[in-house]
Amino acid sequence: MLRVRHLRKTYKDVVAVDGVDLEVMPGECFGLLGPNGAGKTTTVEICEGLTNADSGDVELLGMHWNSHAGELRQRLGIQLQETQLSDKLTVMETVRLFRSFFRRGPEASEVIELVQLEDKQKSRVGALSGGQKQRLALACALVGDPEFLFLDEPTTGLDPQARRLLWELIERFKLAGKTILLTTHYMEEAERLCERVAIMDFGRVIARGSPGELVASAGVARRAEPATGNLEDVFVALTGRHLRDE
Amino acid sequence: MNSALGKHPLAQLTLVRFREFVREPEAVFWVFVFPILLAAGLGLAFRSRPADVLKIAATTPELVRALRQEKLLNVRSLPAPAAEEALRTGKLALVVLPAQGGGVLYRYDDANPDGRAARMLADAAVQRAAGRADPVAAGDRLMHDPGSRYIDFLLPGLVGMNLMGSGIWSIAFAIVDARRKKLMKRLIATPMPRQFYLLSFLISRLALLVIEVAVVVGFGVLVFGVPLRGSLAVLAAFCLLGSLSFTAMGLLIACRVRTIEAVSGMANVVMLPMWIASGVFFSADRFPDALQPLIRALPLTAVIDALRANMLEGSNLAQLAPEAGVLGAWLIVCFTLALKLFRWS
């Protein structure tokens, strides 16, 4: 579905992505984990065709961005980190706008129902809660009936209830056999949703495998009871305990 | 809304533009209400008034009788010390005193135009009362014609100013806001044809333009009787061309900026010289000759000059070709540069 090879991207004197290789299989949810500034978003935006890599290769749905950008855009669902949709539009107007860009896909009202915003369809976006806004962003990513979904930190800043609701929606999308690339820094989210994960730090992939494999791996063996270890322990063991700035 | 047309991305994007405008009360105020308030206020302040009657005093009944023949003078009878005091404190423009040998003496401040005018009027009245015959018969035909008043001059200026403000602001602000919120990045992550995004601004601008020009010009014509001596098609053509030039300018201003503060500053830097120099409130001819070529090259000057010539003098398109050329040049240069420099993220 998605194959990324030797990806490299430098901003001025900062190496954001330093030789990343990834492979996402059809029907799986792949998690890209890492602390802030690890290069997750840059990697994802290169895969989404929004940022140009300095070198390396991205193959998505068997196509490349430089030759099939229009076709790829029709078949991808994208949710960006921190997009603020227009506050003055209603939920329905926003979804209709995004729906109009795609050749095929469900009706706007069906997508709104799917993300459980039917009570809010006439509300202004500015009046929605954080969780409702994220579900609206998900709706805008689903309007084209995508084969591949990019979710960049979809639950950051949400309360536990809103986060669980969003997880259920993502699980439903997985059940339909679709493929997802998800970035997050919530380990619980990755353990629940992802079949496989890669942990990034300083622009490189420093560990990869299923959440279970990683938990069972050497990084957590130092703990007294490996059976109760979780992905969070793996994450902290691998990326260190110091605080990261943005 | 369920028609194929309603589902077209350009239709949806244009609808979004309208919704965002209508749901922003401040924008509606600045585009529609403000120019009307300004025109009404200035129209009232500078309305044509009957000439002022000048207050003077005389110290003898004979002089008072003679002077009262002049309708433009308000003559009081006062004793000399009281008259002197009133003159000194500015309550009177002139005091007329008898002089030796049947003559008259005029007391006034010759630095005061009212004093000089009152002296001329008073002297003519005194001489005529003494039997002077005017060798040349003189009559007056007063001028209060529509087309020569301040409001007639002002209205095309306000229309031009409005075209500039709404053209530059509407697009520059919306684009920078969308970029800042990463909404623009989100949109280009969809299959949205990018030219439709920019086109939607243009279409909504032109639709709002019709309303905003009609509101301001209609107000001037109906309330103040401002004349429309030229063809309405030429008027419309210049509003359209002007608005397109300013929209292109707004696009150029916004092509890379990421913050509202920066775009506000840039828009003001661009607009301020035109507010001052382009003849919105007073004629641009008042600036020194050396600056004139520069001022004539500004797009606002071209719009206002063309609208004024069209509305007040009835000039046709051929006579306004230089102004059309200036606007066309701004449109092409700004639009080409903006597309070259534009950043989508």
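## Tour of a predicted two-chain model

Where pLDDT is low, the predicted coordinates should not be read in detail.

This is a predicted model, in which local features need pLDDT of at least 70 and side-chain atom pairs count only at 80 or more, while totals for chains, interfaces and linings use all residues. Residues are numbered from 1 along each chain as written, and chains are lettered from A in the order written.

Now colour chain A by confidence. Its mean pLDDT is 89, with 93% of residues at 70 or more. Helix H9 (218–221) of chain A is lowest, at a mean of 49; helix H3 (91–99) of chain A is highest, at 97. Helices are DSSP runs (H or I, at least four residues), numbered from the N terminus.

Next, select the interface. Here 19 residues of chain B are in contact with 21 of chain A. H1(B) supplies the largest share of chain B's side, five residues. That side divides into six nonpolar, four polar and nine charged residues; Asp, Glu, Lys and Arg count as charged, Ala, Val, Leu, Ile, Met, Phe, Trp, Tyr, Cys and Pro as nonpolar, and the others, Gly among them, as polar.

Finish at A:Ala139. Leaving aside neighbours within four places in sequence, A:Ala139 is in contact with A:Val95, A:Val111, A:Ile112, A:Val115 and A:Leu117.

Note on methods
Contact = placed C-beta atoms within 7 Å. Helix = DSSP H or I, 4+ residues; strand = E, 2+ residues; numbered from the N terminus. pLDDT = per-residue confidence, 0-100.
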